[in-house]
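Please consult the sequence and the model alongside the text.

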Amino acid sequence: MGSKYDVLVIGGGNAALCAAISARRGGASVLVLEGAPKFYRGGNTRHTRNMRCAHDAATEILTGPYTEDEFWEDLLRVTSGQTDEVLARHMIRESKDILNWIVEQGVRWQPSLGGTLSLGRTNSFFLGGGRAMLNALYLTAERLGVDVVYDAEVTDLVIEDGMFLAARLKRPINGETEIRATSLVAAAGGFEANIEWLKQYWGEAADNFLIRGTPYNRGSILKMLLDKGVQEVGDPTQCHAVAIDARAPKFDGGIITRHDSVVFGIVVNKHAQRFYDEGEDIWPKRYAIWGRLVAAQPDQIAYIIFDSTVVNSFMPTLFPPIAGQTIAELAGKLALDPAALEKTITEFNAAVRPGTFDHTILDDCVTEGITPPKTHWARKIETPPYLAYPVRPGITFTYLGTRVTKEARMLMADGKPSANMFAAGEIMAGNVLGKGYAAGMGMTIGSVFGRIAGREAAKHARN
Amino acid sequence: MHGTRILDEADRLMTVCNSCRYCEGLCAVFPAMEMRRAFSDGDLNYLANLCHSCGACYVDCQFSPPHEFNVNLPKTLAVARAESYAAYAWPQVLSGAFARNGLVISIVAALSMAAFILGFAALSDRGVLFGVHTGPGAFYKLMPHQAMAALFSAAFLYAILALIMSVRAFWRDIGTPIGGRADGVSIFQAIRDAGELRYLHGGGVGCYDEDDKPTDRRKLFHHLTFYGFLLCFAATSVATLYHYLLGREAPYPWWDLPVVLGTLGGIGLIVGPIGLFLAKMRRDPALLDESSYGMDVGFIAMLLLTGLTGMLLLILRETAAMGPLLALHLGAVFALFITMPYGKFVHGIYRFAALVRYAQERRTAA
Ligand SMILES: Cc1cc2nc3c(=O)[nH]c(=O)nc-3n(C[C@H](O)[C@H](O)[C@H](O)COP(=O)(O)OP(=O)(O)OC[C@H]3O[C@@H](n4cnc5c(N)ncnc54)[C@H](O)[C@@H]3O)c2cc1C
Ligand code: SF4
Ligand code: SF4
């Protein structure tokens, strides 16, 4: 170290590693600076499970096909059209080849077990999960001769006229506090772990948000880039947020704090009032809307309430439900007003109309005469013990980012492409995801643009 | 609340894993776990014995320490597994032997070998013990075949009885609520899974020993040990048939079947245990159950001793060392037999039973 690298990659997750490997395979000398300690390497990628890729035919791991057009339509639907069509279609096309490329980098897919999630057609699952995937990428990168340094937080970037010159470090590495490189790949994730920044858009409510992933994604690199003239993309209030258990740790609780029991009961706020149609849509959409809904409630807290007849209908949960033999007892444990909760449940039960329950389709179990209605899967809550999960908004990742071209090259505010700066992953996800989310796209964005960014950065460095 | 502290911890981890399930493609433990929502002691002992300690779910887990969820499945299941051996041991009064297994094995081995040497010497004069004996029946100059057969059959039958009784208790406990007797198809599946060590492969890449770089080393040495043991067993069985059916007495020439099988097996029993021991020394301490270190090493040492004395006997059988070596070898084998039900040997039996149960569950669920 000390000598100048061809390509400097900032970050240590999927996007960063794909970029590093691809740059190294392109003949460049590569340094990866990961801000986190080794155990926490790989940011939110550690918590992922699957990736969405287009493919023309079924494979060992995927039932199929999932065509480019279908992927595009899914993306259009979740984003309500807020996406850069050229970039998005480019990404979808490239995603086909990523399925194989990623395997060549040592990542293994899990044969479809037909298990927990109904994503066997669109999404490929990493064998052993995201951390296993990352371990494989790190092994490959190291084998190829990529240098990786942990605990290497970048605190400043030296950029002149859209040209990256050097990165400054929080602590010296081999005596150096500044690393120069011919090209830069920024793959340092979003700013979801930066509560102060979230507060700019969400106000004090952000204090009650739980961050599902790494505490190290504080958006510092994103902020530096935007401050130094890189063009911004995306709405800062848009992000992927789900309702997770209120007892989860503030950071890094990962996948296991989620709840998907909403359809089996009702959701009330701290005044014991319902506030949204719990039967609106099927998974995964309903999964992705409840984070925002809870964020809009007083004190950002809500309670999923159901009864003992449905406990085995959804995934087992990390935290046990809170139980009461009567509604009043349950209310007491949740610190809700017992009379109010009893009233809400009595009214709800009275509004339930008979139907045939089937949680896999939009069934005909509905309520009549209450607001908000429950338009599917409505069944009376009447068999003790009564049960509840407290939930809070759980932020998965943010969409504000740097604008890029198809070559993953950053665009400057004046519309000119940067000479040597590239971005991949969550830091530029907003180009594709204006809002909404479809499971597995985070990894697609990281792998596809990471691979492109690495290749282009290496090409630039060798010219 | 469970019977022991480690089962409480195993239960906590199963709750975490069951709400995560990222590892479901790595081995049989996870799919078996997913078939349950609550875990009895028997369930946890079953899962513990299904685990092959490949380490993959530790290296791949986003919640392994230092994460506050502190998920260390390989270690927790290793401790639970070791405790389960004692829990099901027959007769129960001897279950304490597991705890001090290293010591017990060395004492039993030393006593058995001394007994054989002294016994040989007492049965005849010292000249016999240190004499040179060759040709068919040479071994029986030191100890009549009848006596040898009686002694070893008794030890062997005791071991078999104790093992059957123990595994029966285990089987009953892990059987609920699925229950039922083992069926042929499931047994056949389990033989294949055990025979190829299907789950000692970290989901396909190998085992995680000293660090996060997987290797197949442990699997290789385990294969050498296991098949070495089976070959030695086959050698003894063939020799027994020779003796009773063909009236041919040991020792046999080097090219004859019992010696060929015994030689191959002996090599396996020397290389395999040494390799396993070195792998254990190098293993990441985070994955190891230190409390059963004595038991593991004791068993490895017994296998090595058996292999080593057997091979030496083969090489030096026409010299004056034959007598003492035969005594040592027989002593080692004897000690191996009678300590079998109270040491690491049982891991194979319990794991096999767990694999049968797993095959059965898979078939019922399918
Ligand atoms: C619980 C959970 C489950 C998810 N499941 C899925 C899924 O199944 N499929 C899917 O596609 N997506 C999933 N996602 C989203 C996915 O994690 C992200 O889209 C993806 O990880 C983004 O990859 P990345 O490489 O851009 O960023 P990350 O993987 O977050 O990596 C960013 C890296 O940058 C480093 N860094 C930050 N600042 C600095 C700095 N100043 N200096 C140096 N390094 C720095 C961080 O330490 C980190 O290593 C999930 C997210 C969460 C939280
Ligand atoms: S070991 Fe970790 S990653 Fe694997 S299933 Fe359990 S909690 Fe999930
Ligand atoms: S066999 Fe391996 S992956 Fe399975 S539980 Fe044991 S250590 Fe984990």
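## Interface and ligand sites

Between chain A and chain B there are 16 residue pairs in polar contact, both residues being at pLDDT 80 or more; a polar contact is a pair of N or O atoms within 3.5 Å, where within protein one must be able to donate a hydrogen and the other to accept it, and residues adjacent in sequence count only if both atoms are side-chain atoms. This is a predicted model, in which local features need pLDDT of at least 70 and side-chain atom pairs count only at pLDDT 80 or more, while totals for chains, interfaces and linings use all residues. Residues are numbered from 1 along each chain as its sequence is written, chains are lettered from A and ligands numbered from 1 in the order in which they are written, and side-chain values use heavy atoms, with hydrogens and water left out.

The rule also finds three salt bridges across this interface (a side-chain nitrogen of Lys or Arg within 4 Å of a carboxyl oxygen of Asp or Glu). One salt bridge joins the side chains of B:E24 and A:R49, at 3.2 Å from N to O. On the side of chain A that touches chain B, 14 residues are nonpolar, 12 polar and nine charged.

Chain A contributes 35 residues to the contact and chain B 31 residues, contact meaning heavy atoms within 4.5 Å. The two chains bury about 2,700 Å² between them, 54% of it on carbon and sulfur atoms; buried area is the accessible area (1.4 Å probe) that two parts lose on being put together, summed over both. Within chain A, the residues that lose the most area to chain B are A:R108, A:I256 and A:P316, together 19% of what that side buries.

Ligand 1 is surrounded by 41 residues (a heavy atom within 4 Å). The closest are A:E34, A:T45, A:N50, A:N217 and A:M443.

| Residue (backbone atom) | Atom of ligand 1 | Distance |
|---|---|---|
| A:G35 | nitrogen | 3.0 Å |
| A:G42 | oxygen | 3.4 Å |
| A:G442 | oxygen | 3.2 Å |

The residues around ligand 2 include B:C17, B:C20, B:C57 and B:C61, and its shell divides into 10 nonpolar, one polar and one charged. Around ligand 3 are residues including B:C27, B:C51, B:H52 and B:C54, and this shell holds seven nonpolar, three polar and no charged residues. B:F30 and B:C57 are among the residues around ligand 2 and among those around ligand 3.

Technical notes. Ala, Val, Leu, Ile, Met, Phe, Trp, Tyr, Cys and Pro count as nonpolar, Asp, Glu, Lys and Arg as charged, and the others, Gly among them, as polar.
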